[in-house]
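Me: Can you walk me through this model? I'll ask as we go.

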Amino acid sequence: KDKMNINIHRTSIYVTRYESEKHKNIFLKHLDKCKHSKKLSLVSNVGGVQTEIINPSIIKDCWKGPLNKYISQFKKVKDFKICIHSSWVNQNFVSDYNMPHNHTGTLIQFSGIWYIKASRNSGDLLFLNRPENSDPTNLFKYIDDPLSWVNYRITPEDNKLILFPSTLVHLVEPCRSDQDRISVAFNVSLI
């Protein structure tokens, strides 16, 4: 009677499709502009292209529906507004990848990735369960449960949108496709 099972660390990600030609064109123009002017960043990417941050006011209505659905599952402590804090475009070519990282910051609570173009074998997104990315207990041999998973893998597809807590460590595997992969990474603030 006094015993209960308590999940102390719940991590919820949200995966859906998001299609918007308007926003797709905005991000592709931004990518071309940054490549032409050489306004590029180097954060977690190894090879490939990572643009400078795009002006959030240009894309303020982007991903609005999915963000509301995802964030509404959490118990609200006070009223807030959901805002895109920052976003940038990643273009990876064969052998390019992104190192393990997260998107922490005092103004950032959630992050997301939207795949604009993702061919087969263009590099899976891996969420890491443990910073050291290992399980010396071999729990996975005995229990099929998120508790035992070392990584959670998502294969990119055109128009796939993934939302997740910004503290979640993730990486992108090397692109093995002859075609480039184009994605938009972004951070979300609750204000």
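**Salt bridges, sheet, cores and pocket**

Reply: At 42% relative accessibility, glutamate 157 counts as partly exposed, where buried means under 20% relative accessible area, exposed over 50%, and partly exposed in between (1.4 Å probe, protein chains only). This is a predicted model, so local features need pLDDT of at least 70 and side-chain atom pairs count only at pLDDT 80 or more, while totals for chains, interfaces and linings use all residues. Residues are numbered from 1 along each chain as its sequence is written, and side-chain values use heavy atoms, with hydrogens and water left out.

Me: Which residue does glutamate 157 form a salt bridge with?

Reply: Lysine 160, with the closest N and O atoms 3.6 Å apart. A salt bridge here is a side-chain nitrogen of Lys or Arg within 4 Å of a carboxyl oxygen of Asp or Glu.

Me: And lysine 160, buried or exposed?

Reply: Lysine 160 counts as buried, at 14% relative accessibility.

Me: How many salt bridges does the count come to?

Reply: The count comes to 7 salt bridges. One of them joins the side chains of aspartate 61 and lysine 22, at 3.3 Å from N to O. That pair links distant parts of the chain, 39 residues apart: aspartate 61 is in the loop between strand S3 (49-50) and helix H2 (64-71), and lysine 22 is in helix H1 (residues 21-37). Helices (H or I, at least four residues) and strands (E, at least two) are DSSP runs, numbered from the N terminus.

Me: What is the relative accessibility of aspartate 61, and of lysine 22?

Reply: Aspartate 61 is at 35%, which counts as partly exposed. Lysine 22 is at 49% and also counts as partly exposed.

Me: What about aspartate 79, which residue does it form a salt bridge with?

Reply: Lysine 76, where the closest N and O atoms are 3.8 Å apart. Aspartate 79 is exposed, with a relative accessible area of 67%, and lysine 76 is partly exposed at 48%.

Me: Which residues are linked in a network of salt bridges?

Reply: Asp124, Arg153 and Glu173.

Me: Switching to strands. What is the order in the open sheet?

Reply: The open sheet has 5 strands in the order S2-S5-S10-S7-S8, with antiparallel pairing. Two strands pair if DSSP finds at least two bridges between them. Strand S2 (45-46) and strand S8 (151-154) stand at the edges with a single partner strand each, so one side of each has no neighbour in the sheet.

Me: How many bridges join S7 to S10?

Reply: 3 bridges join strand S7 (residues 125-128) to strand S10 (residues 170-172), and the two run antiparallel. The bridge partner of phenylalanine 127 in S10 is histidine 170.

Me: Which strands does S6 pair with?

Reply: S6 pairs with S9 in the antiparallel sense over 5 bridges, and glycine 112 stands opposite leucine 163 in S9. S6 also pairs with S11, again in the antiparallel sense, over 7 bridges. In S11, isoleucine 182 is the bridge partner of lysine 117.

Me: How many residues of S6 are buried?

Reply: 7 of the 8, so S6 is largely enclosed by the rest of the structure.

Me: Now the largest nonpolar core. Which residues have the most contacts inside it?

Reply: Phe27, Trp63 and Trp114, in a core of 22 residues. A nonpolar core is a set of buried Ala, Val, Leu, Ile, Met, Phe, Trp, Tyr and Cys residues joined through side-chain atoms within 4.5 Å. The elements that give two or more residues to this core are H1, H2, S4, S6, strand S9 (160-165) and S11, and S11 gives the most, with 4 residues. A second, separate core of 10 residues includes Ile113, Leu125, Leu168 and Val172.

Me: Last topic. How much space lies in the second largest pocket?

Reply: About 330 Å³. A pocket is an open set of points on a 1 Å grid over the protein atoms alone, where a 1.4 Å probe fits, with protein on both sides within 12 Å along at least five of seven lines; lining residues have an atom within 4 Å of a point. Grid points are joined across faces, edges and corners, and the volume is the space filled by probe spheres set on the points.

Me: Which lining residues are closest to its centre?

Reply: Of the 20 residues that line the second largest pocket, Gln50, Trp88, His101, His103 and Ala185 are the closest to its centre. The largest share of the lining, 4 residues, comes from S11.
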